[in-house]
Amino acid sequence: ISAIRSVAMLWPLVLGDPPASRDHAIHYFQTELLVHDLLPAGHLSGWSDRLGQGYTLGDSYPVLGYLWMGAAHLLSFGLIPLRASYALGILAMWLLAVGGVWRLAACIAAEVLPRTDLSNAGRKSMPSLLPAWAGCLGAAFWLLDVGASREGGWEYLMFHGVWPQLLATALWISSLPATLTALRDPSPRRIALAAGLLG
């Protein structure tokens with residue numbers, strides 16, 4: 001259900017068509033400035049004499065977000081246009097957020113459900129399906145949340161164009177189940193993943 005809803009709502013982003021309302025213009029410009037001016041000069045932040053750039057890039061929002069938005073363009077060596085890369089960056093944020101909420105809701109549901117003996121293979125195990133359904137419902141509600149608050153959400157990201165909050169929220173939400181996994185069954189890879197998402 002949430003996968004179908006996600007595809008329907010996010011289809012323009014899949015096609016490389018980013019939103020163009022409110023703050024998207026300045027964020028796109030700053031992504032363009034980073035990708036085409038600063039990175040070729042060997043800088044991740046700095047001043048520019050270009051119109052509309054009256055302060056150092058990286059002062060208003062962290063540079064990670066602009067690298068995220070330009071990643072498809074950079075990794076394809078320019079084959080993917082920057083405009084499409086911006087759209088794919090927003091799509092990747094939504095997918096990270098929805099996937100993180102799905103996993104977190106499934107983890108919580110698995111914790112609160114009564115423990116069931118699943119050793120009997122002939123028995124239908126409805127309780128084992130409930131965490132997956134809880135995850136699907138959580139992801140669907142997250143995607144449908146109008147989100148007028150500053151923690152991301154449809155209105156704040158798509159209309160107002162303030163996506164750094166959704167990126168931060170999506171990374172933090174994704175870090176919670178990753179941290180739980182790392183605490184239960186530690187390994188260097190799991191610990192590094194949880195720390196990277198949280199950081």
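## Exercises on a predicted model

S174 lies in helix α7, which spans residues 164–184. The model is predicted.

**Exercise 1.** Decide whether S174 is buried or exposed.

*Solution.* Start with the relative accessible area of S174, which is 10%. Next, take the cut-off: a residue counts as buried under 20%. S174 is therefore buried.

**Exercise 2.** Find which residues S174 is in contact with, leaving aside its neighbours within four places in sequence.

*Solution.* First set aside the neighbours within four places in sequence. The contacts of S174 are then L96, G100 and L197. Now compare sequence and space for the pair S174 and A97. They are 77 residues apart in sequence. From C-alpha to C-alpha, S174 and A97 are 7.2 Å apart in space.

**Exercise 3.** Describe the largest nonpolar core: how many residues does it have, and which elements give two or more residues to it?

*Solution.* Begin with the count: the largest nonpolar core has 33 residues. Within this core, the residues with the most contacts are L13, I90, W94, W142 and L157. Then list the elements that give two or more residues to the core: α1 (2–14), α2 (24–38), α3 (63–75), α4 (82–112), α5 (126–144), α6 (154–159), α7 and α8 (188–198). The largest share, nine residues, comes from α4. Not counting residues up to four places away in sequence, I90 touches L13, P19, H24, M69, L157 and M158.

**Exercise 4.** Find the volume of the largest pocket and describe its lining by element and by class.

*Solution.* The volume of the largest pocket is about 220 Å³. Its lining is made up of 13 residues, and those nearest the centre of the pocket are P62, L64, L167, A168 and L171. Sorted by element, α3, α7 and α8 give two or more residues to the lining. Helix α7 provides the largest share of the lining, five residues. Sorted by class, the lining has ten nonpolar residues, three polar residues and no charged residues.

Notes: Residues are numbered from 1 along each chain as its sequence is written. This is a predicted model: local features need pLDDT of at least 70, side-chain atom pairs count only at pLDDT 80 or more; totals for chains, interfaces and linings use all residues. Side-chain values use heavy atoms; hydrogens and water are left out. Helices (H or I, at least four residues) and strands (E, at least two) are DSSP runs, numbered from the N terminus. Buried means under 20% relative accessible area, exposed over 50%, partly exposed in between (1.4 Å probe, protein chains only). Contact means heavy atoms within 4.5 Å. A nonpolar core is a set of buried Ala, Val, Leu, Ile, Met, Phe, Trp, Tyr and Cys residues joined through side-chain atoms within 4.5 Å. On a 1 Å grid over the protein atoms alone, a cavity is a set of points where a 1.4 Å probe fits but cannot get out, and a pocket is an open set with protein on both sides within 12 Å along at least five of seven lines; lining residues have an atom within 4 Å of a point. Grid points are joined across faces, edges and corners, and a volume is the space filled by probe spheres set on the points. Ala, Val, Leu, Ile, Met, Phe, Trp, Tyr, Cys and Pro count as nonpolar, Asp, Glu, Lys and Arg as charged, and the others, Gly among them, as polar.
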